[in-house]
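Please read the following alongside the sequence and the coordinates.

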Amino acid sequence: MTDFITVADVDASLGPGWAGAGDPVFAVTMANAWLTAKINRPVVDPTPEPIKLAGAQVAKEAAAGNLYKATLKEVLSKTVSATSGTSVSKTYAEGSTDLSAGENFALALLAPWVKRSGVFMLKRI
């Protein structure tokens with residue numbers, strides 16, 4: 001896991017008391033794990049400000065208990081029959097989850113580091 005942000009970085013972005021009743025150190029650890037899982041490009045040192053801001057948003061969500069929550073299933077289709085012996089059928093998307101506003105904002109900030117570059121050159125030997 002890469003340490004993109006620290007508690008001091010989050011304090012600087014969101015001000016003191018951002019963790020509320022949560023543990024700020026654990027929230028930052030969860031945010032760094034989340035960032036490490038999402039970013040698939042090299043990041044220069046020192047960490048760019050958009051990544052720090054995204055990490056701060058994710059740390060705030062982690063402190064509130066909204067990060068790495070239980071997985072909810074997204075309904076893809078639902079069938080209801082109104083005949084005698086009524087039946088209901090639902091189809092779920094595997095592994096779908098609800099994203100919080102902080103997670104969505106963080107993903108938007110991380111877009112340059114999350115998306116792969118557009119062109120790969122292959123040379124036949």
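In what order do the elements of the protein chain run from the N terminus on? The order is α-α-α-β-β-α-α, and the secondary structure comes to five helices and two strands. Helices (H or I, at least four residues) and strands (E, at least two) are DSSP runs, numbered from the N terminus. This is a predicted model, in which local features need pLDDT of at least 70 and side-chain atom pairs count only at pLDDT 80 or more, while totals for chains, interfaces and linings use all residues. Residues are numbered from 1 along each chain as its sequence is written, and side-chain values use heavy atoms, with hydrogens and water left out.

Confidence comes next. pLDDT is the predictor's confidence in each residue, from 0 to 100. Its mean over the protein chain is 81, and 76% of the residues reach 70 or more. Where pLDDT is low, the predicted coordinates should not be read in detail.

Two totals describe the chain as a whole. Of its 125 residues, 30% are buried; buried means under 20% relative accessible area, exposed over 50%, and partly exposed in between (1.4 Å probe, protein chains only). Contact means heavy atoms within 4.5 Å. Among contacts between residues at least 6 apart in sequence, 68% join residues at least 24 apart.

Helix α3 (residues 49-63) packs with helix α2 (residues 24-38) at an angle of about 125°, the axes being 8 Å apart. Axes are lines fitted to C-alpha atoms, for helices over the stretch in contact, and angles run from 0 to 180 degrees between N-to-C directions. The two helices are therefore oblique to each other: angles under 35 degrees count as roughly parallel, over 145 as roughly antiparallel, 65 to 115 as roughly perpendicular and the rest as oblique. The crossing of α2 and α3 is right-handed. A crossing is right-handed if the near helix is turned clockwise from the far one by less than a right angle, and left-handed if anticlockwise. On the α2 side the contact uses A27, V28, M30, A31, W34 and L35, which meet I51, G55, V58, A59, A62 and A63 in α3. These residues divide into eleven nonpolar, one polar and no charged. Here Ala, Val, Leu, Ile, Met, Phe, Trp, Tyr, Cys and Pro count as nonpolar, Asp, Glu, Lys and Arg as charged, and the others, Gly among them, as polar.

In the loop between α2 and α3 lies P46. The peptide bond from D45 to P46 is cis, with omega near 10°. Most peptide bonds are trans.

Helix α3 also meets helix α4 (residues 101-109): their axes come within 8 Å and cross at roughly 165°. That makes α3 roughly antiparallel to α4, and the crossing is left-handed. P50, L53, A54, Q57, V58 and E61 of α3 form this contact with G102, E103, F105, A106 and L109 of α4. By class, the residues are seven nonpolar, two polar and two charged.

Two residues of α3 can be followed individually. Q57, in helix α3, is buried, with a relative accessible area of 17%. Not counting residues up to four places away in sequence, Q57 touches L14, G102 and F105. E61, also placed in helix α3, is buried at 14% relative accessible area. Leaving aside neighbours within four places in sequence, E61 is in contact with N66, L67, S100, G102 and E103.
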